[in-house]
Amino acid sequence: MPSTYKVLGQDVSTAAVPVNVYTVPSSTQVVVSSIVIANRGTDGTTFSVAIRPNGATLENKHYVASGVSIARNDTTVLSFGITLDAADVVTVTGANNNLSISVFGTEITA
């Protein structure tokens with residue numbers, strides 16, 4: 001099975017609106033190594049990260065990080081090793097529009 005180390009997805013937050021940063025392609029499995037959240041704003045804020053199996057509707061049980069505080073002009077790195085299957089979705093919700101989100105990992109194709 002070939003594997004590719006890559007930037008899986010990048011996006012910016014939309015205040016209080018969940019953003020689907022990465023969806024696992026068909027015939028692919030993924031190991032998410034890290035999620036990096038950068039607060040470009042001048043105020044502290046919070047964010048949450050959810051993993052939605054098979055693109056399920058977002059529910060409380062999907063959160064792997066919730067209400068995490070991030071200082072102004074700061075960066076938070078979440079090191080995971082989370083395994084995902086085809087159609088699973090990484091969703092991030094920020095409290096404002098000032099967060100840059102990057103998801104890194106390895107795609108493994110069948």
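The model is predicted: local features need pLDDT of at least 70, side-chain atom pairs count only at pLDDT 80 or more, and totals for chains, interfaces and linings use all residues. Residues are numbered from 1 along each chain as its sequence is written, and side-chain values use heavy atoms, leaving out hydrogens and water.

- Strands S3 (residues 28–39) and S8 (residues 99–109) pair in the antiparallel sense over eleven bridges; pairing requires at least two bridges found by DSSP.
- Val 32 stands opposite Gly 105 in S8.

**Salt bridge**
- One salt bridge is found in the whole structure; the term means a side-chain nitrogen of Lys or Arg within 4 Å of a carboxyl oxygen of Asp or Glu.
- Glu 107 and Lys 6 meet in a salt bridge through their side chains (3.3 Å, N to O).
- Glu 107 lies in strand S8 and Lys 6 in strand S1, 101 residues apart.
- Glu 107 is buried at 11% relative accessibility, while Lys 6 is partly exposed at 36%; buried means under 20% relative accessible area, exposed over 50%, and partly exposed in between (1.4 Å probe, protein chains only).

**Arg 52**
- Arg 52 lies in strand S4 (residues 45–52).
- Arg 52 is buried without a salt bridge, and the nearest side chain of opposite charge, Glu 59, is 9.2 Å away.

Technical notes:
Helix = DSSP H or I, 4+ residues; strand = E, 2+ residues; numbered from the N terminus. Lys, Arg positive; Asp, Glu negative; His and termini not counted.
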